Amino acid sequence: MEYHLSSYHQFRIFYFWNWNTQCKQFIFNPYDITFTFITINNNSEIIGTGKKTYASGVTINNNNGTLGGGEHILSNGAILNSITSTIISSTTLTNHGVFNLQSGNISGVSNNTFFVNESDGIVNVNAPATNQWSNLNFTNKGSFNKVSNTITRFNNNFGTGTFINDVGVTLSIAAGQEIQFLNTATLNGTISNSGILSFNALCTLNGSLINNGTWNITSPPTINLGSSISGTGILNVNNSFAIPYDITFTFITINNLSEIIGTGKKTYSNGVTINNTNGTLGGGEHILSNGAILNSITSTIISSTTLTNHGVFNLQSGNVSGVSNNTFFVTENDGIVNVNAPGTNQWSNLNFTNKGLFNKVSNTITRFNNNFGTGNFINDVGVTLSIAAGQEIQFLNTATLNGTISNSGILSFNALCTLNGSLVNNGTWNITSAPTINLGSAISGTGILNVNNSFSIPYDITFNFNTINNISEIIGTGKKTYASGVTINNNNGTLGGGEHILSNGAILNSITFTIISSTTLTNHGVFNLQSGNISGVSNNTFFVNESDGIVNVNAPATNQWSNLNFTNKGLFNKVSNTITRFK
């Protein structure tokens with residue numbers, strides 16, 4: 001049955017104390033109306049082209065009922081109880097009173113459906129379960145109270161519509177409560193979150209967001225100039241988070257699984273912990289303040305920016321990667337880097353400067369930079385980089401080593417590595433390609449040196465290494481003295497440049513071949529020819545076996561001593577029954 005009220009019936013409506021709209025339809029077509037009923041129980045629909053005003057003192061109990069047609073206005077003092085659900089159909093619901101969502105959802109049916117909570121309006125969400133506000137354009141100019149500890153969603157993923165929090169208005173989410181903006185939302189005023197807040201792709205922040213709860217970025221929001229972000233809660237970055245202005249984060253925890261980017265400078269204050277899981281830091285500079293912690297849980301990408309570390313950077317697993325030559329990682333003098341990664345870790349395509357403390361904690365390989373990458377490593381003046389026993393660092397691309405490199409583990413140098421400072425090697429030092437050893441640097445220690453490529457020394461030096469394995473060349477203008485206790489194993493290696501002096505107690509084993517190149521080899525120790533030949537390359541090549549020197553010829557076959565000037569002042573022992581030729 002349908003009830004149609006015309007202008008003829010208009011005077012009669014004010015004589016009813018209660019009106020129950022339990023009929024099929026209740027249609028007000030030709031005129032505006034003001035309801036003064038104490039109670040309206042709507043189990044169907046109140047529609048029609050006329051504007052419906054609910055006066056102060058009116059209570060509407062809506063049970064899956066529809067409000068449609070011309071505008072519906074809740075006056076100050078009127079109450080609408082949405083008992084199970086409310087449908088707003090192609091109209092505007094304007095609230096100057098109180099709207100109580102006791103259960104269910106609020107749904108529109110088209111893009112021209114509006115719910116406006118005016119400055120004197122109150123919305124109380126008491127629903128005992130998750131509630132959807134979908135397919136409607138909701139504007140909050142008044143008070144929106146989350147009363148129950150449930151999830152409120154604007155709008156669900158299947159709906160359309162918008163949410164607008166007006167300028168000067170505060171929207172509060174208390175501890176234990178949750179609001180999800182899962183479609184278009186424009187957030188002016190203040191969003192004060194102590195519960196759970198989720199942003200989506202079409203969410204725009206123009207106002208102030210104070211997060212003392214949990215803030216989830218599920219898809220990229222728009223953070224506009226003039227907005228502000230503060231608080232001490234948790235931020236979960238599950239999709240791109242771009243910030244166009246300088247900001248200081250005070251959140252206790254930032255979990256980054258996507259990217260924190262944007263032109264603004266990002267400062268992470270004392271007490272902030274960033275957990276980075278394959279996350280990217282990009283855009284304007286990122287600054288870890290003293291007392292801030294960045295945990296690189298699986299890997300970290302630094303994208304065309306500078307990460308400045310005054311705090312603690314923990315590499316727990318994976319790699320640290322840049323994406324271009326203008327990517328920088330600077331550990332300042334109050335900064336700490338701890339490498340805890342359980343497997344080989346690459347620091348590639350970035351310019352890394354160490355001015356602080358770089359701790360190799362795990363017994364794994366750390367590579368600066370891999371052979372497929374670009375970038376450089378700089379150890380600053382006055383800074384000590386330590387490699388403990390069982391640990392390994394490989395400089396596989398450009399590195400400038402100032403300060404002190406203290407190695408008790410494994411250290412590898414490559415072609416573009418430059419030593420300006422002090423290198424103390426009590427572990428294993430691999431020269432994989434020719435480094436540059438500059439005047440003013442120093443080399444010491446009692447470890448192992450593997451010369452796998454050209455090693456040129458421009459100054460006088462005394463080697464105290466326990467073992468030197470030379471399969472390339474030890475050259476340079478400086479005089480090279482091998483102290484007592486040093487053993488050189490020469491495999492087709494060359495000794496060249498300034499004089500080479502075997503001290504008494506030093507041993508040189510010529511395992512396959514030895515080339516002496518335009519220099520003097522002075523032997524006060526023991527020279528063992530185990531195989532192959534001894535060759536000079538010019539007339540100014542000399543081998544002097546001094547009075548305290550011993551030469552043992554153990555070669556199992558004919559051996560040649562050619563193109564050199566050999567002087568024997570000591571002991572020359574033919575041990576093997578072979579031919580020795582001096583030519």
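Is Trp347 buried or exposed, and at what relative accessibility?

1. Trp347 counts as buried because its relative accessibility is 0%. Buried denotes under 20% relative accessible area, exposed over 50%, and partly exposed the range in between, with a 1.4 Å probe and protein chains only.

2. The structure is a predicted model, in which local features need pLDDT of at least 70 and side-chain atom pairs count only at pLDDT 80 or more, while totals for chains, interfaces and linings use all residues. Residues are numbered from 1 along each chain as its sequence is written, and side-chain values use heavy atoms, with hydrogens and water left out.

3. Ten strands make up an open sheet with parallel pairing, in the order β4-β7-β10-β13-β16-β19-β22-β25-β28-β31. Its edge strands, each pairing on one side only, are β4 (33–35) and β31 (222–223). Strands (E, at least two residues) and helices (H or I, at least four) are DSSP runs numbered from the N terminus; two strands pair if DSSP finds at least two bridges between them. Between β4 and β7 (residues 52–54) there are three bridges in the parallel sense, and Thr34 stands opposite Thr53 in β7.

4. A pair of aromatic rings is described by the distance of the centres and the angle of the planes. Rings of Phe, Tyr and Trp (its six-membered ring) pair if their centres lie within 6.5 Å; planes under 30 degrees apart are stacked, over 60 edge-to-face, and the rest tilted. The count by this rule is 54 aromatic pairs. One of them joins Trp347 and Phe368: the centres are 5.3 Å apart and the planes stand at 35 degrees, so the pair is tilted. Trp347 belongs to strand β49 (residues 345–348) and Phe368 to strand β52 (residues 365–368), 21 residues apart, and the pair links distant parts of the chain. Phe368 is buried, with a relative accessible area of 1%.

5. A further tilted pair is formed by Phe527 and Trp561, with ring centres 6.1 Å apart and planes at 55 degrees. Because Phe527 lies in strand β74 (residues 526–529) and Trp561 in strand β78 (residues 559–562), this pair ties together parts 34 residues apart in sequence. Phe527 is buried at 0% relative accessible area, and Trp561 is buried at 1%.

6. Thr578, between β80 (571–574) and β81 (580–582), counts as buried at 19% relative accessibility. Thr277, between β39 (273–276) and β40 (279–282), counts as partly exposed at 24%.
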